[in-house]
Amino acid sequence: MVPYFLRRFAEMLIALWLMSMIVFALGRATGDPVALLLNEYASDQDRIELTQELGLDKPVVTQYAIFIKQALQGDLGVSVSGDRRPALELIAERLPASLLLAVTALIVSIVIGIPLGVLAAVNRDTWIDGAARLAALLGQSVPVFWLGIVLMYLFSVTLGWLPTSGYGEWRHLVLPAVSMGLFTIAAIARLVRVGMIEALQSEYVKLARIKGLSETTVVWKHALRNSLLPVLTYMGAFFATMITGAVVVETVFAWPGIGRLAYESIMNRDFPVMQAVVLTMTVLFMLANLIVDIAYARLDPRIRQ
Amino acid sequence: MMAFARKSPLLAISMVLCVTFVLIALFAPWLAPHDPMVGELLERLMPPAWNVDGNWRHPLGTDILGRDILSRLMYGAQVSLAVCALAILIAGFIGSSLGIIAGYVGGVVDSIIMRIVDLAISLPIILLALLFGVLFGPSLGNIVIIISLVLWSQFARMARGETLKVKQNDYIDLARAAGCSALRIMVTHVVPNVAGSLIVLATLQVGTVIIMEASLSFLGVGVPPPWPAWGSMIAEGRSYVVSAWWLCIFPGLAVLLTVLSVNVLGDGLTDALNPATREGRRR
């Protein structure tokens with residue numbers, strides 16, 4: 001277990017280092033930040049001073065070395081737009097909103113997806129199964145950003161039940177979380193259905209039934225537990241969906257998270273913030289995957305060595 | 001044909017929808033009633049024809065610049081189809097080639113290729129894609145490159161796994177004993193035997209690619225305006241959702257219907273080729 005953990009950790013560091021180089025290179029590849037920062041009336045003196053301040057007069061390799069050195073000290077630069085706030089401060093401010101949204105979407109997906117899959121498997125080949133499969137197919141085919149707009153139109157504009165956008169109370173959370181969760185509800189339901197159908201035909205389920213256990217115990221305890229491993233495997237893909245979802249959904253619902261920060265900084269060519277956000281999201285993404293892999297190894301005795 | 005339609009109506013409908021999608025995309029210039037890029041400002045924001053203020057000249061209404069929505073949807077299908085075909089071909093070719101080489105050659109080559117694949121899977125590529133799109137400007141070529149960058153690793157994984165299976169067959173050893181070069185064995189003996197699984201994977205990717213293309217266009221890094229793409233049409237209609245819902249709803253429905261039918265078809269194909277899984281197991 002420990003060597004495995006160490007190897008994964010080393011791989012993560014290498015991936016992160018590579019990501020930092022790609023982001024840095026892309027950030028420097030196009031456009032001159034100085035031209036973006038100063039207006040057209042700035043003097044040449046101003047330009048030279050700002051170039052020196054940002055270290056843009058040094059060779060690219062030196063610039064990268066400085067970037068890494070500062071990053072390791074927890075300094076990822078300041079935003080080039082307006083108020084010049086430190087990038088990490090902006091991220092720290094936005095991160096809780098994103099985590100709240102992602103965790104809610106995850107809970108929604110699990111709470112709806114798993115029972116839906118179980119229900120479909122137990123009532124296999126009936127209309128319930130058919131409806132659940134169709135719902136799952138629909139959920140995987142709808143573009144998240146469009147769903148967000150449609151939900152907003154239905155529940156906020158037409159019915160007036162929920163606010164269109166904003167952040168604060170639970171009512172603001174409903175529409176973004178549902179938009180973000182629908183795809184994963186569908187994916188989880190499908191995985192659980194396939195797993196349950198296999199599990200319900202297995203010997204241990206037959207034994208549990210022969211022992212005289214109630215059908216509820218057999219289905220929800222014995223069979224379900226063994227159908228959940230594929231769901232855990234899927235979590236890696238889930239986190240990738242979450243990152244795309246965060247960018248799109250947060251933009252649609254004006255949710256003050258790091259997904260929108262990423263989008264805004266990329267669109268405004270705010271290089272320091274952009275680098276910081278992309279690196280932060282990479283770290284979160286890799287940590288989440290690491291946790292899933294460790295959980296998987298712990299839960300499945302066949303993988304544990 | 002009729003018996004098939006009765007047996008699985010959903011599959012039959014999906015097949016018809018997919019064929020319709022491809023035909024519309026291919027023949028958009030002849031089918032579209034209006035120029036998708038030129039609008040009549042006097043006819044701007046006209047509702048669909050069945051609405052009181054609608055007119056059959058514009059069956060699905062017009063947008064903010066008076067451009068015909070139906071024509072724009074048809075040309076938008078062209079964009080989706082082009083991106084899909086190109087991205088899947090490029091990613092499929094590069095990914096599969098690397099995967100087959102990794103699986104067949106093994107050793108250090110295998111380790112290096114698979115480490116790169118692991119890396120590609122462990123990074124949130126969508127952010128890089130967005131960055132790439134903004135920095136190098138929106139264009140059809142760039143969006144194809146972006147999507148290929150996201151897709152290739154899955155083809156590489158699948159191709160490697162399948163190659164490892166095929167490699168155990170006697171005919172590979174016999175070919176080697178007969179003096180065939182590694183390249184020749186890979187091309188004439190491995191490729192035909194792994195192609196089936198890779199084609200199924202490609203079918204399953206079509207829906208993902210259409211949604212990805214729409215998402216990127218929605219975020220403003222797709223095909224540049226005024227060329228119509230479904231994602232950018234939704235983005236343009238977003239601010240008018242209250243007063244002119246048709247701007248946003250129709251392109252979304254186009255994406256939904258296309259992706260749904262492609263997914264149903266992909267599942268059907270998986271089942272047909274692999275009777276062991278009644279439902280296509282997808283991640």
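In chain B, helix 4 is mostly covered, with 27 of its 37 residues buried. The model is a predicted one. Helix 4 of chain B comprises residues 69-105, and its end C-alpha atoms lie 52 Å apart. This separation agrees with expectation, because 37 residues at 1.5 Å a residue should span 54 Å. The residue that follows helix 4 is B:Gly106, for which phi is positive, near 70 degrees.

Chain B as a whole contains 11 helices and 0 strands, so that the order of its elements from the N terminus on reads α-α-α-α-α-α-α-α-α-α-α. Along the principal axes, the C-alpha atoms of chain B fill a box of roughly 75 × 55 × 30 Å. Of the 283 residues in chain B, 46% are buried. When contacts in chain B between residues at least 6 apart in sequence are considered, 68% of them join residues at least 24 apart.

Chain B also meets chain A: 34 residues of chain B are in contact with 39 residues of chain A. On the chain B side, the elements that contribute two or more residues are helix 5 (107-122), helix 6 (125-136), helix 9 (182-218) and helix 11 (246-273). By residue class, the side of chain B that touches chain A consists of 25 nonpolar, 5 polar and 4 charged residues.

Methods: Residues are numbered from 1 along each chain as its sequence is written. Chains are lettered from A and ligands numbered from 1 in the order in which they are written. This is a predicted model: local features need pLDDT of at least 70, side-chain atom pairs count only at pLDDT 80 or more; totals for chains, interfaces and linings use all residues. Two residues are in contact if their C-beta atoms, placed from the backbone, lie within 7 Å. Helices (H or I, at least four residues) and strands (E, at least two) are DSSP runs, numbered from the N terminus. Ala, Val, Leu, Ile, Met, Phe, Trp, Tyr, Cys and Pro count as nonpolar, Asp, Glu, Lys and Arg as charged, and the others, Gly among them, as polar. The expected span of a helix is 1.5 Å times one less than its number of residues. A residue is buried if 20 or more other C-beta atoms lie within 10 Å of its own, exposed if 12 or fewer, and partly exposed in between; C-beta atoms are placed from the backbone.
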